[in-house]
Amino acid sequence: MDFWISQLFNGVSYGALLFLLAGGLSLIFGMMRIVNMTHGSYYLLGGYVALTVIWRGGNFVLAVLLGALAIAAVGIGEWNAFLKRLSGQELGQVLTTMGFALIFQDLALLIWGGDPYTIPVPAVLSGAYTVGQLYFPVYRIFIVAVAALVAVVLWLVLERTRIGAMMRATVDDPEMARGVGINVYLISMAVFALGATLAALAGAVAGGFVGVYPGADFEILPYAFVVVIVGGMGSLKGALIGSLMVGLLDNFGKALFPELSYFTLFAPMAAILAVRPTGLFGRA
Amino acid sequence: MTRRALAPGTPRIAIAIVFGLLAVSPPFVSSFLQALLTQAVIYAILAMSLDVVLGYIGLASLGHAAYLGLGAYSVGILATRHGAGFWVTLTVGVLLATAVAAVFGLVALRATGVYFLMITLALGMVVWGLAHRWVSLTQGDNGISGVPRPDLGLPWSFAHAIPFYYLVFTAFLVAFGVLRGIVRSPFGATLVGIRESESRMRTLGYHVWLHKYIGFIIAGGVGGFAGVLWAYDNGFVSPADLELSTSVEILLMVALGGRGTLLGPALGAGLIVFLKNLVSVYTQRWLLILGAVYIGTIVYAPEGIVGALRQWTKGERAWAGR
């Protein structure tokens, strides 16, 4: 029983981290139809920038926020200079964003070197609660809380505010949105920046959990994609449920069938897609 | 300033010269170049196979490295552990890749566009996951080393670079001949028709799905063929051969050369192999340069080198005709 509870907890907390990452990817994907291979790089760079802020004497909260903001700027630049011209060209998007991913990977190696680092977390968030034989690290609970907060705020913004309505209008029918006076250009840029910010936030938070190291970008990217495609592109609910599914499948797969663990993760995903090519909550 | 249009036969002459050089030059160049040429020719086969899907069916696949991996692991496992010979590993590798493509095609071809891209990504990761984690079969991240060069029972040994190069070059000619025959056949013309307008072809009474499915399977089988050669060339098989970034790199080769032209992707493969290896001799920052090539391809040559050349010669002719 203890095994199941602790694996469940680990799966949910990893799922929460994935939600932060994949929520942003899903926004960019579903709302803007951009296949963004740079998303893993935003995650990695977010972690590194946060690390640097802490090295320079900043505190944890400042580090996470600055990491997220810096990467939002990077994302805006990339979108403005290249991606906005490539709408509807999947191949062009894949190759351009892959090019950026390689460049960012190399720049990160140049600036921060090849050693793995862990972002030091404040004392409040370290340690663990123990219940009987069970052990619940505070930091993992913190990640779940952050993800829940982000999910609620995103949902409120998208569904309950004027700007959220403008975003949804831009997605559903850009021409009409432009026609009724919505600045589609600004809204699109804002969505892309928001997606990049969430990825960087995930990277900074993950820095205190799995660490920051070269290769983390391409390691986590397929997970984020799988979450988005299973949940359905552009669906917040889909990203949430997809993240939990992937987090749990990944954890239980690794614990129960170590030799087949990635198979137990990706094969069910492919099977879901075989039945529903647009994902669980996606619209065609 | 006078400008002359390129004669209509020029591309054909250029292609003949390149093929001639590929056939004749290897014994006269350094062993480093020989190794690069061998690798380039193998990747050319792989890029041509993906071109059937990307260039002729018009679907971008993010999982083509899976077939390279299936072919390569067939060799890695059978040759090192069971002492299987070239023809056995070749047959198993190609059949396995074909069979897996037949299964994956059932799943992937339900979608188009960005959804096809994502489903092929997930399927590619399934194969990568097996290579990465099924340690008792694949030795996981350590990979399988010590794959011997093939022995075909011929009087010369393929352990030497030159005979092995000619083996690979022959394989390239065979793959090119087969794929050219396919894309120029009525079947290939139907694929192009589907790429241009699926609904029109359906109205005309073509079985659209079946054509795409067969094309997808052919691409997988030829990809496995390239994987078999790659394992023998490299002597080492690892999950890195199946990574997402490998799949994207094959897409780049096709896009850089010019999709839908077979020889364009072969050229693109050659250029990328040379670029990666030569640049990494001079600088550690070769990923920066490779990244710039990805972006530059889309910005400056969205239809690839062959597309750009066509555009250019067309412009020249239009100019000359005034």
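How many bridges join strand S1 to strand S2 in chain A, and which way do the two strands run? Four bridges join S1 (residues 128-131) to S2 (residues 134-137), and the strands run antiparallel. Two strands pair if DSSP finds at least two bridges between them.

Some ground rules. This is a predicted model: local features need pLDDT of at least 70, side-chain atom pairs count only at pLDDT 80 or more, and totals for chains, interfaces and linings use all residues. Residues are numbered from 1 along each chain as its sequence is written, while chains are lettered from A and ligands numbered from 1 in the order in which they are written.

Back to the hairpin. Thr130(A) stands opposite Tyr135(A) in S2(A). Two residues lie between the strands. In this hairpin, Gly132(A) takes a positive phi near 60°.

Now chain A as a whole. It has 11 helices and two strands. Helices (H or I, at least four residues) and strands (E, at least two) are DSSP runs, numbered from the N terminus. From that end, the order is α-α-α-α-β-β-α-α-α-α-α-α-α. The C-alpha trace spans about 60 × 50 × 35 Å along its principal axes.

Is the size what we expect from a compact globule, or something else? For 284 residues, such a globule would have a radius of gyration near 19 Å; chain A has 19 Å, which agrees. That radius is taken over C-alpha atoms, and the globule rule is 2.2 Å times the number of residues to the power 0.38.

Of the 284 residues in chain A, 51% count as buried. Buried means 20 or more other C-beta atoms within 10 Å of a residue's own; exposed means 12 or fewer, and partly exposed is in between, with C-beta atoms placed from the backbone.

Next, helix H2 of chain A, residues 39-55. At 1.5 Å a residue, its 17 residues should span 24 Å. The rule is 1.5 Å times one less than the number of residues. The end C-alpha atoms are 25 Å apart, which agrees. H2(A) is mostly covered, with 15 of its 17 residues buried. Just after H2(A), Gly57(A) takes a positive phi of about 100°.

Which residues does Ile71(A) contact? Leaving aside neighbours within four places in sequence, its partners include Tyr42(A), Leu45(A), Gly46(A) and Val49(A). Ala196(A) and Thr197(A) are also among them. Contact means C-beta atoms, placed from the backbone, within 7 Å.

Ile71(A) also sits in the largest nonpolar core, which has 197 residues. Such a core is a set of buried Ala, Val, Leu, Ile, Met, Phe, Trp, Tyr and Cys residues joined through C-beta atoms within 7 Å. Ile71(A) is one of those with the most contacts inside it, and Ala47(B) is another. The largest share of this core, 16 residues, comes from helix H2 (residues 31-57) of chain B.

Chain B, quickly. It has 14 helices and two strands. Its radius of gyration is 20 Å, close to the 20 Å from the globule rule for 322 residues, so chain B is as compact as a globular protein of that length. Of those 322 residues, 48% count as buried.

Last, where the chains meet. The contact takes 38 residues from chain A and 39 residues from chain B. On the chain A side, the largest share, 13 residues, comes from H4(A). That side divides into 28 nonpolar, six polar and four charged residues. Here Ala, Val, Leu, Ile, Met, Phe, Trp, Tyr, Cys and Pro count as nonpolar, Asp, Glu, Lys and Arg as charged, and the others, Gly among them, as polar.

Terms used: Contact = placed C-beta atoms within 7 Å.
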